[in-house]
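Dear colleague,

I am handing over the structure that follows, together with some notes on what was found in it. Please look through the sequence and the model before reading on.

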Amino acid sequence: MAPPNKLCLVLVIFLSIFSLSSLPTTAIIPKANISFSVPSSQLVENLCNGKAVQNRRFCLEALSTPEVIAAMDTTQLGTLIMKLGAANAKATLNLYNEIIKKPGSPQALKALNICVEAYKYAILSFEMVSSELVEDPETANYDVAVIGPEIANCEKELINAKVQAPRLLAGNRFVKYYVSMGYEITSTLELENPNEY
């Protein structure tokens, strides 16, 4: 593993690059105590108050962009959540790929590779769910739910291999939050259209 100072420098560079990108970085790395000039919509409020949502504050902050606030219905909001989830998973996957390049134990390398595969799966699933929201919310609900166990297995492997990487664990936590938001939105879609599926 890299010395802590080197890892901190890599993380600072990584975060700086993402803060300059066009992706909604507040959704990828929410900051505490941010006051937003854009009030949340009732649609976002209802979603973030849902039973499945693991972190209401994260939900409100991640969904505070003007594009999300302008979502006119549950399907549009769900599509935007899946895009944010995929963007978050891609950012975390990039971090895993960078850390894999550093020297480490065989156990750490194995754990990191398991996580890389979990994140590839998560990205594909978030993207797939986006297309399923209109045609089959029940399948979308299942497909977003199965991302969670993949990420949980990744976390277990990191812990067992004694990989000390707080940023990776934070990325895992954020993906789980997006999964819970995705589960809530797909459950809502199922309830809105019970006879269509």
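**What was found**

Among contacts in the protein chain between residues at least 6 apart in sequence, 75% join residues that are at least 24 apart. Please bear in mind that this is a predicted model, and that the values below were computed from it.

As for the overall make-up, the protein chain holds 10 helices and 0 strands, so that, read from the N terminus on, its elements run α-α-α-α-α-α-α-α-α-α. Of the 197 residues of the protein chain, 46% count as buried, while the chain exposes about 10,200 Å², of which carbon and sulfur atoms supply 58%.

Helix α9, which spans residues 147-160, and helix α10, which spans residues 166-192, have axes that come within 10 Å and cross at roughly 165°. Because angles over 145 degrees count as roughly antiparallel, α9 is roughly antiparallel to α10. The crossing of these two helices, α9 and α10, is left-handed.

On the side of α9, the contact is made by I147, G148, I151, C154, E155 and L158, and on the side of α10 by L168, L169, N172, R173, V175, K176 and V179. Sorted by class, the contact of α9 with α10 has 8 nonpolar, 2 polar and 3 charged residues.

Methods:
Residues are numbered from 1 along each chain as its sequence is written. This is a predicted model: local features need pLDDT of at least 70, side-chain atom pairs count only at pLDDT 80 or more; totals for chains, interfaces and linings use all residues. Side-chain values use heavy atoms; hydrogens and water are left out. Axes are lines fitted to C-alpha atoms, for helices over the stretch in contact, and angles run from 0 to 180 degrees between N-to-C directions. Helices (H or I, at least four residues) and strands (E, at least two) are DSSP runs, numbered from the N terminus. Angles under 35 degrees count as roughly parallel, over 145 as roughly antiparallel, 65 to 115 as roughly perpendicular and the rest as oblique. A crossing is left-handed if the near helix is turned anticlockwise from the far one by less than a right angle, and right-handed if clockwise. Contact means heavy atoms within 4.5 Å. Ala, Val, Leu, Ile, Met, Phe, Trp, Tyr, Cys and Pro count as nonpolar, Asp, Glu, Lys and Arg as charged, and the others, Gly among them, as polar. Buried means under 20% relative accessible area, exposed over 50%, partly exposed in between (1.4 Å probe, protein chains only). Accessible areas come from the Shrake-Rupley method with a 1.4 Å probe; for residues, only the protein chains shown count as cover.
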